[in-house]
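User: I'd like to go through this model with you, one question at a time. Here it is.

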Amino acid sequence: MNLPTNPTAQAVDNVLIYIFGFSLLLLLGITVATIYLVIKYRRSKYPEPTSETHGSLWLEALWTLLPTLIVLTMFWYGWSNYLGLRNVPEGAMEVQATARMWSWQFEYPDGRKTSKLFVPVGQPVKVTMTSVDVLHNFFVPAFRIKRDTLPGIETYVWFQATEPGSYDIFCAEYCGTGHSAMITSVEALPPEEYATWAQPQQPSDEPRGLIVLQEQGCTGCHSLDGSDGIGPSLYQLSGQQRKLMADGQTKELTIDADYLRRAIRHPEAEIVEGYDPVMPAYDSDTLSEEDLQAVIDYLLGKVKKAEKAPLDARKLLEDSGCLGCHSEDGSEVIGPTFKGLGNREVVIERDGKEEKIKIDRDYLVRAIKQPKADMVKGYPPIMPAGDYLTDEEIDAIVDHLLKQ
Ligand code: HEC
Ligand code: HEC
Ligand SMILES: [Cu+2]
């Protein structure tokens, strides 16, 4: 057996070995003594019962005190190690776990959600858990941690992975038909790999142009809110009139993309009236053509809000635990398979009446939001309502399912 040397596993193993060791020692001692006495005082040698009791204070004190001491050390050792399991070390990473029939979901401080628990090696992790339906139990045999999750109550465990690898997570509380499928894993990654994994994948919501303005230090001289600074404010430039000094002459123009480009690449050529010619020129080495364009678009107000990455419906199905009950390959798990869903007809029970309908978008949205409204005939009413999904997520899932 390959025991990982991690703190929680060691705490439990040490106590187990200690108690088991003493038990074994006593078992052996008592068995040997019994066999020895049985043979020594066998009937053929001592046909008549004999009694040789003459009390010994020492002996009695010894066999009272010794076991008491042993049991007390067992208690002390067990208790102090138990406290180690309950007291979370400082600097632990916090993860929120949600158990539901029949899947786990982990939420990290930055809001990302996964169905496997990703952690960096070498850092303690505190998992705060709750359940949305029935009793479940978070059990990671490799780390010897196990804790019930209850609806409406938060419980916690902590652990620290000391070696990279994948460690099973089981639900250890019988929670219904899909209980045995409620399996996932702790994925312990080396710190560098974890850092890469934890990087935000979604582009920042701020427009690129604004980010460039800040990164390049333009905002040190230019306000973005209309207030005057070393340079003119860059607030709402589009369409404004400018009086400029160029080659010792004044000229007037309306701000447009060409002007902004010149003002940034060659600020010395045209100076805005009333300002000192202190702005450094930004050539393409300092400010790439792309970034310049982003700045110009931003300054002219031509930025749309950064587009969100499209939702990954397949991943949503996995992370929301749908695939625990629905297969994608035509096999029957607990609910109907997703395969061919888009052009199937189903018999449903609605208000106690049976009805045959063609699956469409509306039906699927309802099937996910209120599974109890239309029950597919022949299946148990156990699908949890998808009220933990946003409308956007449900849309993405439905689009995906219609294509199955
Ligand atoms: C050291 C201070 C300073 C920094 C840094 C600076 N600017 Fe300027 N900027 C000025 C001054 C002063 C003016 C007005 C004089 C002129 O036209 O050169 C100006 C003018 C401009 C104008 C013309 C504004 C108008 O109202 O007509 C634009 C556009 C501009 N800067 C953009 C930028 C951008 C983009 C950056 C960063 C890549 C930047 N500036 C960095 C000082 C600065
Ligand atoms: C606990 C098991 C379970 C989970 C988890 C589950 N479902 Fe279901 N689902 C069922 C069962 C059982 C049915 C059939 C009975 C009914 O209509 O509620 C069903 C029915 C459906 C139907 C209608 C299928 C048809 O053939 O008409 C859709 C669509 C569906 N589920 C989607 C989902 C999605 C999406 C998720 C994840 C957000 C999900 N389910 C999670 C058990 C589950
Ligand atoms: Cu469970």
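User: Is Ile 368 buried or exposed?

Analyst: Ile 368 lies in helix H8; helices (H or I, at least four residues) and strands (E, at least two) are DSSP runs numbered from the N terminus. Buried means under 20% relative accessible area, exposed over 50%, and partly exposed in between, using a 1.4 Å probe and protein chains only. Ile 368 has 10% relative accessibility, so the residue counts as buried.

User: Before we go on, what kind of model is this?

Analyst: Residues are numbered from 1 along each chain as its sequence is written, chains are lettered from A and ligands numbered from 1 in the order in which they are written, and side-chain values use heavy atoms, with hydrogens and water left out. Local features need pLDDT of at least 70, side-chain atom pairs count only at pLDDT 80 or more, and totals for chains, interfaces and linings use all residues, as this model is predicted.

User: How far apart in space are Ile 368 and Pro 384?

Analyst: Along the sequence, Ile 368 and Pro 384 are 16 residues apart. In space, taken C-alpha to C-alpha, the separation of Ile 368 and Pro 384 is 8.4 Å.

User: Helix H8 came up already. Which element gives the largest share of the shell around ligand 2?

Analyst: Ligand 2 sits in the largest cavity. On a 1 Å grid over the protein atoms alone, a cavity is a set of points where a 1.4 Å probe fits but cannot get out, and a molecule sits in one if more than half of its atoms lie within 2 Å of its grid points. The elements giving two or more residues to the shell around ligand 2 are helix H8 (361-369) and strand S16 (375-376). The largest share, four residues, comes from H8.

User: Which residues are closest to ligand 2?

Analyst: A residue is near a molecule if one of its heavy atoms lies within 4 Å of it. There are 31 residues around ligand 2, and the closest are Cys 322, Cys 325, His 326, Tyr 363 and Met 383.

User: Which residue has a polar side-chain atom 2.5 Å from an oxygen atom of ligand 2?

Analyst: A polar contact is a pair of N or O atoms within 3.5 Å. His 326 puts a polar side-chain atom 2.7 Å from a nitrogen atom of ligand 2, and a side-chain N or O atom of Arg 344 is 3.3 Å from an oxygen atom of the ligand. The residue with the 2.5 Å distance to an oxygen atom is Tyr 363.

User: How many nonpolar residues are in the shell around ligand 2?

Analyst: Ala, Val, Leu, Ile, Met, Phe, Trp, Tyr, Cys and Pro count as nonpolar, Asp, Glu, Lys and Arg as charged, and the others, Gly among them, as polar. The shell around ligand 2 has three polar and two charged residues, and its nonpolar count is 26.

User: Now ligand 1. Where does ligand 1 sit?

Analyst: A pocket is an open set of grid points with protein on both sides within 12 Å along at least five of seven lines. Ligand 1 is found in the second largest pocket.

User: And which element gives the most to the shell around ligand 1?

Analyst: The shell around ligand 1 divides into 19 nonpolar, four polar and three charged residues. Of the 26 residues there, Cys 218, Cys 221, His 222, Tyr 259 and Met 279 come nearest. With four residues, the element that gives the most is H5.

User: What is the phi of Gln 236 near?

Analyst: Most residues other than glycine have a negative phi. Gln 236 is in the loop between helix H4 (208-215) and strand S11 (241-246), and counts as exposed because its relative accessibility is 55%. Its phi is positive, near 45°.

Key. Polar contact = N/O pair within 3.5 Å; in protein donor to acceptor, adjacent residues only side chain to side chain. 1 Å grid on protein atoms, 1.4 Å probe; cavity = no way out; pocket = protein on both sides within 12 Å on 5 of 7 lines; lining within 4 Å.
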